[in-house]
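Hi,

Here is the structure I promised to pass on to you. Have a look at it first, and then read on for my notes.

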Amino acid sequence: MARAHLISSPNVSSLTTGAYLSGRKLSFNSIYYESSGGSKASKHSIKAQIQYNPLRFQPSPSNNHYKSTERGATYEESNKSYVAKAVTVPSSESESEASNSKNIVDSVKNFMAVVYQFIYPYAMYGRTSTTISASLVAVERLSDISPLFFIGLLQALIPSLFMDLYVNGVNQVFDYEIDKINKPHLPFASGKLSFRNCVFIVAASAILGLGLNLMIGSPPLIWNFVLNVILVNCYSMNLPFLRWKQNPVLAALFVTTSMTLLFPISYFLHMQTFVLKKPLMFTRSFIVTLLFMGLYSTGIALSKDIPDVEGDIKHGVDSFAARLGQKKVFWICISLFEMAFGVAFLAGASSSSPFWIKFAACLGNFVLGSILWYRAKDVDVKNPASSGPFYSFIWKLMMAGHVFLPLIR
């Protein structure tokens with residue numbers, strides 16, 4: 001709402017205007033006339049003029065403020081100037097409510113964006129693709145892909161999101177000092193999330209994840225969640241006999257066990273035995289999946305420490321990258337990744353699937369292996385700005401590799 005400046009002077013004979021003062025409409029309908037020497041108004045013509053100027057002023061206890069300026073020795077009406085000032089205030093409670101609602105929505109959006117960074121998006125997508133791929137491997141014929149299949153897939157995916165929050169959250173809480181050096185962009189290390197909020201997210205994720213799995217009642221999912229929580233606590237928590245990440249062998253074993261055994265086996269068994277109600281049977285494509293994930297997850301377990309050598313050394317974390325050198329470990333990881341794509345390529349070539357499916361599986365793994373080799377040549381392993389994005393890139397390649405695993409029969 002605007003501030004109105006209304007002036008009546010000897011040259012202004014009429015003032016008619018409306019101003020909103022304190023949320024209420026104040027109207028002035030008056031005619032002011034000028035006189036000369038006590039002459040009457042009937043002897044002069046009436047003139048009307050409206051003058052409007054926005055004013056800036058500090059609000060007084062009353063929202064209406066009038067100022068009278070004397071221009072002569074005597075208090076004659078013709079010598080007075082009146083100024084009316086209107087203060088901008090909310091005209092209704094609905095405007096305040098709309099503003100509050102907008103602020104709440106913005107706060108929720110900002111919080112969700114921080115949580116999205118907190119969960120490690122690339123790792124979340126990688127585990128999600130593992131869940132989908134392992135579930136599809138359990139499918140033996142097209143008729144198995146039914147509404148029941150998608151319900152079972154959601155039963156596996158939703159609790160796994162809470163598990164990702166817990167796994168990554170516990171790691172960030174106990175790696176706060178290291179992350180301030182290695183990963184200062186993370187929400188907790190950068191101060192976007194407080195310690196209390198981090199603990200709340202971690203605790204809520206554990207309760208919700210376990211609660212959902214118990215409600216679903218799938219034994220593979222329950223054991224998958226419980227064992228992963230136990231393992232990540234052993235890996236991250238700085239307690240006696242724990243903090244496995246300080247030992248390179250135990251750290252690599254944690255990642256490999258989770259990604260090679262717990263995730264694929266639990267989601268495969270969930271879909272095959274709990275959802276589709278079929279007898280337990282390890283198919284050829286499932287065995288290839290285990291071999292692929294065994295090689296690829298070992299490479300991830302070794303390569304994840306390459307960008308973090310500086311902070312790990314300062315805080316006593318003995319990783320293979322710190323012990324053997326970043327460049328040597330990097331090329332060991334590239335060899336493991338290429339071997340994983342090679343296993344999938346050979347399995348696809350010897351598959352009993354129709355020719356076009358075999359061709360797609362072979363071509364896809366060949367292309368992924370070629371992209372990996374081409375990208376690896378340009379990585380500066382000693383520069384976290386180069387090796388860090390490459391670590392995210394290998395998770396994306398793993399997701400692409402999961403597309404072709406269910407095609408191998």
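A salt bridge here is a side-chain nitrogen of Lys or Arg within 4 Å of a carboxyl oxygen of Asp or Glu. Please keep in mind that this is a predicted model.

By that rule, Lys-278 pairs with Glu-140, with 3.9 Å between the closest N and O atoms. Lys-278 sits in the loop between α8 (248-275) and α9, while Glu-140 belongs to the loop between α2 and α3, so this bridge ties together parts that are 138 residues apart in sequence. A network of salt bridges links Glu-140 and Lys-278 with Asp-144.

How many salt bridges does the structure hold? There are five. Another one of them joins the side chains of Arg-127 and Asp-164, at 3.0 Å from N to O. Here too the pair links distant parts of the chain, with Arg-127 in helix α2 (residues 121-137) and Asp-164 in helix α3 (residues 147-174), 37 residues apart. Arg-127 and Asp-164 are both buried.

Then there is the bridge between Asp-175 and Arg-243, where the closest N and O atoms are 2.9 Å apart. Asp-175 is in the loop between α3 and α4 (176-182) and Arg-243 in the loop between α7 (219-236) and α8, so parts 68 residues apart in sequence are tied together. Asp-175 is buried at 2% relative accessibility, and Arg-243 is buried as well, at 7%.

Now for the overall picture. The protein chain has 14 helices and five strands. Of its 409 residues, 45% are buried. Among contacts with a separation of 6 or more, 72% are between residues 24 or more positions apart. The chain exposes about 21,800 Å², and carbon and sulfur atoms supply 65% of that area.

On to the rings, where I counted pairs with centres within 6.5 Å. The count comes to 18 aromatic pairs by this rule. One of them is the stacked pair of Phe-292 and Tyr-296, at 5.6 Å centre to centre and with 20° between the planes. Why are Phe-292 and Tyr-296 separated by about one helical turn? They are four residues apart in helix α9 (residues 284-303), which accounts for that separation. As a reminder, an α-helix has 3.6 residues a turn, so residues three or four places apart point the same way. Both Phe-292 and Tyr-296 are buried.

A second example is the pair of Phe-330 and Phe-390, which is tilted, with 5.3 Å between the centres and 55° between the planes. This pair links distant parts of the chain: Phe-330 is in helix α12 (residues 326-349) and Phe-390 in helix α14 (residues 384-404), 60 residues apart. Phe-330 is buried, with a relative accessible area of 4%, and Phe-390 is buried at 5%. Phe-330 and Phe-390 also belong to one aromatic cluster together with Trp-331, Trp-373 and Phe-393.

Lys-277 lies over the face of Phe-274, at 5.0 Å from the ring centre.

Back to helix α9 for a moment, as its geometry makes a handy check. At 1.5 Å a residue, its 20 residues should span 28 Å, and the end C-alpha atoms are 29 Å apart, which agrees. Of those 20 residues, 15 are buried, so α9 is largely enclosed by the rest of the structure.

Asn-213 is found in helix α6 (residues 195-216). Setting aside neighbours within four places in sequence, Asn-213 is in contact with Pro-159, Ser-218, Leu-221, Ile-222 and Phe-225.

Happy to talk any of this through.

Best wishes

How values were computed:
Residues numbered from 1 in each chain as written. Predicted model: local features only at pLDDT ≥ 70, side-chain atom pairs only at ≥ 80, totals over all residues. Heavy atoms only, no water. Phe/Tyr/Trp six-rings, centres within 6.5 Å; stacked < 30°, edge-to-face > 60°. Helix = DSSP H or I, 4+ residues; strand = E, 2+ residues; numbered from the N terminus. Buried < 20%, exposed > 50% of the residue type's maximum accessible area, 1.4 Å probe, protein only. Lys NZ or Arg CZ within 6 Å of the ring centre and 35° of its normal. Expected span 1.5 Å × (residues − 1). Contact = heavy atoms within 4.5 Å. Areas by Shrake-Rupley, 256 points an atom, 1.4 Å probe, with all protein chains shown as cover.
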